[in-house]
Amino acid sequence: MKAVRRIRSLPALLLAALALVAGVVLTPGAAVAASASRAPAAPAVTSVSTIAEALRKNPVYVDPAAAAQLPAADRDALAKHIKDADKPLFIAVLPAGYPTQNLFANLRTATGVTGLYAIRLGDRFDARADSSVLSHTAVQNLVTSVQGEDARAQLTDFTDRALANMGGKAPSSWGSSGGGGASGIALIIAAAVLVVGGAGAYALVRRNRRRREEEQRAALDRLRVVVDEDITAFGEELDRLDFHPAEPGADDAMRADYERALDAYEQAKTAMAGARRPEDVRAVTQALEDGRFSLAQLAARRHGMPLPERRPPCFFDPRHGPSVADAEWTPPGGAPREVPVCAADRTRLAEGRDPMIREVDTDYGRRPYWDAGPAYGPWAGGYFGGGILPGLLVGTLLGSMMSTPSYAADYGTGYGDFGTGFGGEGGDVSGADFNPDDFGGGFGDGGGFGDGGGGDFGGGFGDGGNF
């Protein structure tokens, strides 16, 4: 009799197992929700690792101790909105007493995904981002714009504004936002639509790729004229140089300076010959800047003068050579700033005259290079490395372009650091390989929410969101 009952129970068991599998396949959100509902109570302080693991699966994490701030329905709606936008925006809602020491940096490290990270901590709010996704200034402005709002309004407003400005793609680990209850028929229909539209989509992608390649070639062709002028000018400096390695008084240090200058000249020519995109010219101008500094060292040694300090080239025209000082300069319609200048331009500014500015051809006539278009970002980046370029270009056309996500998509990121290629920044799994300055600052203790400290992201909650 027991055997008969076991046999009769098999269909019921099979049906139950089938229902369970269908629920997992067709309604992953429901399965996750059911699992979450059965989870044991969270400890008093949820670890950063736990938060990071949750964010790798879903863009919005609400700590159990802060559940009252954002109800489940609002949380799910916010997560769906982020997934639908396909952007790497991560939001965490944590209780007011959560430890803040290095919070942003630790969370970014543990999550390991490039993106924009926003944290609502009690009634305070702040955010940090990889610069490839959103600029420091943009993050500050977005955070400031939502200070003082309640949790639901603040997170919704921040999300809407951030998604409209940020770059990058959502991590693949999120999957799609899809709703529960999708039927097999609906999936088949969707697959059929994809097959039918595949050819059209492929053609569109190819057309867009060709268009971008044509734009890049046109930008490089225009930029090539300027770079060739730079190479020619440096070659003429070498020709005019009254130095021979075997001349009386020449020592090994002088000969080494001279060899470095010659090598830089050859390196610049080779790099320009192999350039295929505008960002490739950074290597050219960087080599020229190195070569001119070697000539400055050689001149100092030959005349028995102190060796020059390694300084960036003259801001107004890098062909002028290494700068000798910083001088205040105000561009038309802009704010005053300190720029590196050569001796001749320092004298001109001190006498109230205009500096000798490098102008290039544009569709609107001859213009200063900083008002000539986005392709000159890599050109300037090779000359002015080391992080000084953003401050020099504030308020100029090139500076404004370089702070936008569209510029990052077309020309790369980092004010001349174009090694990452075109587009696609954000959402990639970089692990702990990121710039810690992008996630520093805060709470007065380096956590990300206080009155400063820690790189480019200081400020925050200490003064009501005033950065």
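Keep in mind as you look around that the model is predicted.

Gln-154 is part of helix H7, which spans residues 151–165. Its side chain makes a polar contact of 2.7 Å with the side chain of Arg-120. Beyond the neighbours within four places in sequence, Gln-154 is in contact with Arg-120 and Phe-125, and also with Val-146, Gln-147, Gly-148 and Glu-149.

From here, we can turn to the sheet. Strands of a sheet pair through backbone hydrogen bonds, either parallel or antiparallel. In this model, four strands make an open sheet with mixed pairing, and their order is E1-E2-E3-E4. Strand E1 (60–62) and strand E4 (124–129) each have a single partner strand, so these two stand at the edges and one side of each is left without a neighbour in the sheet. On average, neighbouring strands of the sheet are turned by 10° against each other, direction ignored.

Now follow the pair E2 and E3. Strand E2 covers residues 89–94 and strand E3 covers residues 116–121; the two run parallel and are joined by six bridges. Leu-94 has Leu-121 in E3 as its bridge partner.

Finally, look at what packs on this sheet. Helix H5, residues 103–111, does so, touching E2, E3 and E4. The direction of helix H5 makes about 130° with that of E3.

Key:
Residues are numbered from 1 along each chain as its sequence is written. This is a predicted model: local features need pLDDT of at least 70, side-chain atom pairs count only at pLDDT 80 or more; totals for chains, interfaces and linings use all residues. Side-chain values use heavy atoms; hydrogens and water are left out. Two strands pair if DSSP finds at least two bridges between them. Axes are lines fitted to C-alpha atoms, for helices over the stretch in contact, and angles run from 0 to 180 degrees between N-to-C directions. Contact means heavy atoms within 4.5 Å. A polar contact is a pair of N or O atoms within 3.5 Å; within protein, one must be able to donate a hydrogen and the other to accept it, and residues adjacent in sequence count only if both atoms are side-chain atoms.
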